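Please consult the sequence and the structure shown here.

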Amino acid sequence: MKYTQPIYIAFFTIAFISLLVALFFEKQDLLYVYPFTFIAIAIAYVMERKKRISITFLSALFFGLCGGIFLILDFKEAIPMISICISIFYLLYLRLMYLKNERKKAHGKTYVSLLFIFIPVLYIYDRVFCLVYEEIHNGFVYFTVMAVCMLVYIMAAIYYYLRTKNQSNLWMLITAVNLGIMNIIVIINELYVYERIFTVMAIFCSNLMLFFSIKFMLEEDTNVLTEVV
């Protein structure tokens, strides 16, 4: 990855502008700049990919973008559509991780480590569900499906990194952490107390997610992703 290429300069520029828009303008104004961060990353991926293009990755970007747009428009009213789009996004990212790791085996200690991580995470999820139920009870089923997909995705990212500790899985783990932080910020911002700085932080996490996602996709290892679906 050569960050001096015009497409990367464009991405970093748009990402910075999106932070300024989130800081100084209304949230809906992000619709004029936010989609271009996804478009820039998609173009960068297509330009840099030396082998087959992953339709799975491009599809994930599309559904992630759609979910983000619905969120910017109206979180509470669009919970079903947001949940559907983001759930598909997580499932596609799970597919990408599987394709890069399908020939690698895990040791027993990996599962033990994962279990110790999973238990507190599951407890946090239970508390969050209890907290948000009254706020989004009309779309709670959709929200639950999305949250379960997110939990599986995050735990899978941790699992694959613990199993191999290679560079590509580290990038996906960082992506998962950014998504987890972003989701917490969005829930607080949209359901409880709206703060402009929370929107800035969510956009920042989204930009980092895109950046580390493409690093994951372009990282070459012994089991390079070659499938297109």
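On a 1 Å grid over the protein atoms alone, a pocket is an open set of points where a 1.4 Å probe fits, with protein on both sides within 12 Å along at least five of seven lines, and its lining residues have an atom within 4 Å of a point. The model is predicted: local features need pLDDT of at least 70, side-chain atom pairs count only at pLDDT 80 or more, and totals for chains, interfaces and linings use all residues. Residues are numbered from 1 along each chain as its sequence is written, and side-chain values use heavy atoms, without hydrogens and water.

**Largest pocket**
- The lining of the largest pocket comprises 47 residues, and Leu179, Gly180, Met182, Asn183 and Ile184 lie nearest its centre.
- Its volume is about 940 Å³, taken as the space filled by probe spheres set on the points, which are joined across faces, edges and corners.
- Helix α7 provides the largest share of this lining, 14 residues; helices (H or I, at least four residues) are DSSP runs numbered from the N terminus.
- The lining contains 37 nonpolar residues, eight polar and two charged; Ala, Val, Leu, Ile, Met, Phe, Trp, Tyr, Cys and Pro count as nonpolar, Asp, Glu, Lys and Arg as charged, and the others, Gly among them, as polar.

**Ser87**
- Ser87 lies in helix α4.
- Beyond its neighbours within four places in sequence, Ser87 contacts (heavy atoms within 4.5 Å) Val145, Met146 and Cys149.

**Helix α6**
- Lys165, with a positive phi near 50°, follows α6.

Note on methods: Helix = DSSP H or I, 4+ residues; strand = E, 2+ residues; numbered from the N terminus.
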